[in-house]
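Morning, everyone. Please have the sequence and the model open on your screens. I'll talk about charged side chains, then about rings.

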Amino acid sequence: MAHSCSRTRALAVRAVCALFTVCAAAVELPAQNAPPSVRVASFGVDTSAADVAQIVGLVRAYLAQPQKADADDRAARQAGLWSTATWADERHGDLSRGFVYQGFPATIVGVTAAAAGDSVYIVKVLYAAADSTRTRISPLALQRLYAIRAPEAPHGWRLGTALPRLTSHWTRQHSGSIHFWYAPDMTPDSSRAASATRFVAELSQRFNVAPPERLDYYVTSSPDEYHRIVGLDYFVRPSGPGTATGGMALGEGIVLSGDPSQGEAYLHELAHAVLLPLEIRNHFVSEGIATWLGGSQGRDLAELVRVLGDFQRERSDVSLEQLIRDEVPDGGQFATVAWYATAALFVEAVHQRAGMAGVRALSATDAGTDATLRLLQDGLGGELADAERWWRGLTTPEVRD
């Protein structure tokens, strides 16, 4: 279930899982996060050029490391593979890690000069799988890395992230601990920025967590735009209605807003960023709390109830368990929004019964769908049938009133 790309870096891995499963049905893939095999495109990448050959060797050495979504590039920096040339390289490292290292084969498809001169190159790596007949292609991502000349490094080069290099010309403003970065087509909105600052302070207090020392918040017009600045010239996303906008919180203190109607005040993603210290493992709980606090794709709780009601009427064949297990035939974005609404309304029910202490206690829920179903059963009567009745009653006005 994707919040149109709403997730922390760890949640990005979960969001890909459904897509990864679809791909795996067509082609057997290596274990998730295993070092991918690295090929070089037979055209466009001329390894007879000394610079290109060295950079290809560097990329192969970097990708040979086990890549983990929640790791950093400390080891790569110590090995001389990753740069410290910019604040983002030193503080964050490889921002594409939580997206691309899913076990898909990697192919270096381009090593081109970033500008006049030969000190910085753009490296493009395609992650895609194909079946044995090559008739079913499953592309995951086109990654953008930068190679910076470093004669003292083992390969003569070090890798760097796209973020500071693609946003150096963006307008910047800050409010409290939030540093806002604006894509060239975005106009700052001081009232939204102030709302975001208040939300972060109030939320930190409600959940008794230290407020973030710094949040870098990127205001863009679409997920495509914010994917590109973290090093993804292409990343697989759901198709169809409701996919034009989205947001994401990365675990390094970065919030990506790709919805002009929310801009600086994408509260759902700010909630994820603030609550990161709680280390919530359960996806349903994590998204439920963020949606309860900040809505979903600009919809507040009342609107989510209306959408859930429409879903229950139009898809009366779907049970709560099917929704939670993501087993809704032809569910699409309609089922996704219903899932988010259900998660938020469960958190609301817990809050009504046990207050903030009860909501905070949800953070200890184990990961996985089975744990989510047990949570619903235990919190709503002890049997799944009771949870089903609760779910059906959520959109009945007399029950909610």
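First, a term. A salt bridge here means a side-chain nitrogen of Lys or Arg within 4 Å of a carboxyl oxygen of Asp or Glu. Keep in mind that this is a predicted model.

How many salt bridges does the structure hold? The count is 19. Let's visit a few.

Start with aspartate 233 and lysine 124. Their side chains meet in a salt bridge, at 2.9 Å from N to O. Now look at where they sit. Aspartate 233 is in strand β9, residues 232–235, and lysine 124 is in strand β3, residues 120–130, so this pair ties together parts that are 109 residues apart in sequence. The cut-offs are under 20% for buried and over 50% for exposed. Lys124, Arg144, Arg228 and Asp233 are linked in a network of salt bridges.

Next stop, arginine 325. Its side chain meets that of glutamate 321 in a salt bridge, 3.0 Å from N to O. Arginine 325 also forms a salt bridge with aspartate 370, at 3.0 Å. As for accessibility, arginine 325 has 31%, glutamate 321 has 28% and aspartate 370 has 43%. Each counts as partly exposed.

Now the rings. A pair of aromatic rings is described by the distance of the centres and the angle of the planes. The structure holds 14 aromatic pairs.

Take tyrosine 121 and tryptophan 157. Their ring centres are 5.4 Å apart and their planes are at 80°, so the pair is edge-to-face. The cut-off for that label is over 60 degrees. Tyrosine 121 is in strand β3 and tryptophan 157 is in strand β5, 36 residues apart. Tyrosine 121 counts as buried at 12%, and tryptophan 157 is buried at 0%.

Compare phenylalanine 180 and tyrosine 217. Here the centres are 5.1 Å apart and the planes are at 55°, so this pair is tilted. Phenylalanine 180 lies in strand β7 and tyrosine 217 in strand β8, 37 residues apart. Phenylalanine 180 is buried, at 1%. Tyrosine 217 is buried too, at 0%.

Rings can also gather in groups. Phe284, Trp339, Tyr340, Phe346 and Trp390 form one aromatic cluster.

Last, a charge meets a ring. Arginine 214 lies over the face of tryptophan 87, 5.8 Å from the ring centre.

How values were computed:
Residues are numbered from 1 along each chain as its sequence is written. This is a predicted model: local features need pLDDT of at least 70, side-chain atom pairs count only at pLDDT 80 or more; totals for chains, interfaces and linings use all residues. Side-chain values use heavy atoms; hydrogens and water are left out. Helices (H or I, at least four residues) and strands (E, at least two) are DSSP runs, numbered from the N terminus. Buried means under 20% relative accessible area, exposed over 50%, partly exposed in between (1.4 Å probe, protein chains only). Rings of Phe, Tyr and Trp (its six-membered ring) pair if their centres lie within 6.5 Å; planes under 30 degrees apart count as stacked, over 60 as edge-to-face and the rest as tilted. A charge sits over a ring if NZ of Lys or CZ of Arg is within 6 Å of the ring centre and within 35 degrees of the ring normal.
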